[in-house]
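User: I have a chain open and would like to go through it piece by piece. Can you take my questions as they come?

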Amino acid sequence: QVQLVESGGSVVQAGDSLRLSCAASGRTWNIYSMAWFRQAPGKEREFVAGIRWISGSTNYADSVKGRFTISRDSAKNTVYLQMNSLSPEDTAKYYCAADTSAGQYAYWGQGTQVTVSS
């Protein structure tokens, strides 16, 4: 089992920056990759950014490329999402997820709310 706890969500204004954190605990040695997803009211959950735990390689949704950066601190078992140039369209609950089997995000955090006002 892997436990995930997100933090850093807030209410900000358009153009502001925010950094989310996700601390992993438990069987973290099994983590293959981690990712951030988000879900806005009335919309489906969508992938935002992902990172391979060992290599550090990353991938992003087109909607956040150039604005968001995912990173990890292996020593702290923590993954971050640096979000710049935020817009109201980024308003959502952001979830951290862990993949321990190279293909399925089986572990999820409780989410942290990001609200961007115009």
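User: Which residue in E8 is the bridge partner of Leu 20?
Analyst: In E8, Leu 20 has Leu 81 as its bridge partner. The model is a predicted one, where local features need pLDDT of at least 70, side-chain atom pairs count only at pLDDT 80 or more, and totals for chains, interfaces and linings use all residues. Residues are numbered from 1 along each chain as its sequence is written, and side-chain values use heavy atoms, with hydrogens and water left out.

User: What does the E in a name like that stand for?
Analyst: E marks a strand (a DSSP run of at least two residues), while helices are H or I runs of at least four, and the numbering starts from the N terminus.

User: How do E3 and E8 pair?
Analyst: Strand E3, residues 18-26, pairs with E8 in the antiparallel sense over six bridges. Two strands count as paired if DSSP finds at least two bridges between them.

User: And how do E7 and E8 pair?
Analyst: E7, residues 68-73, is also antiparallel to E8, over six bridges.

User: What holds paired strands together in general?
Analyst: Strands of a sheet pair through backbone hydrogen bonds, either parallel or antiparallel.

User: In what order do the strands of this sheet come?
Analyst: The open sheet has four strands in the order E1-E3-E8-E7, with antiparallel pairing. Its edge strands are E1 (2-7) and E7, each of which pairs on one side only. Direction ignored, neighbouring strands are turned by 20° against each other on average. That angle is between axes, which are lines fitted to C-alpha atoms (for helices over the stretch in contact); angles run from 0 to 180 degrees between N-to-C directions.

User: Why is E8 largely enclosed?
Analyst: Strand E8 covers residues 78-83, and five of its six residues are buried, so the rest of the structure largely encloses it. Buried means under 20% relative accessible area, exposed means over 50%, and partly exposed is in between, using a 1.4 Å probe and protein chains only.

User: Take Val 79. Buried or exposed?
Analyst: Val 79 is buried, at a relative accessible area of 0%. Contact here means heavy atoms within 4.5 Å. Apart from neighbours within four places in sequence, the contacts of Val 79 include Leu 20, Cys 22, Trp 36, Ile 70 and Cys 96.

User: New topic. How many aromatic pairs turn up?
Analyst: A search of the whole structure finds three. Rings of Phe, Tyr and Trp (its six-membered ring) pair if their centres lie within 6.5 Å; planes under 30 degrees apart are stacked, over 60 edge-to-face, and the rest tilted. Phe 37 and Phe 47 are edge-to-face, 5.6 Å centre to centre with 80° between the planes. Phe 37 is in strand E4 (residues 33-39) and Phe 47 in strand E5 (residues 46-52).

User: Which of those residues is buried and which partly exposed?
Analyst: Phe 37 counts as buried at 12% relative accessibility, whereas Phe 47 is partly exposed at 26%. Phe 37 also pairs edge-to-face with Tyr 105, at 5.4 Å centre to centre and 75° between the planes. Tyr 105 lies in strand E10 (residues 105-108), so this pair ties E4 to a part 68 residues away in sequence.

User: Which rings make up the cluster?
Analyst: Ring pairs link Phe 37, Phe 47, Tyr 105 and Trp 108.

User: Where does the charged end of Arg 45 sit?
Analyst: The charged end of Arg 45 sits over the ring of Trp 108, 4.5 Å from its centre. It also sits over the ring of Tyr 95, at 4.2 Å from that centre. The rule is that NZ of Lys or CZ of Arg is within 6 Å of the ring centre and within 35 degrees of the ring normal.
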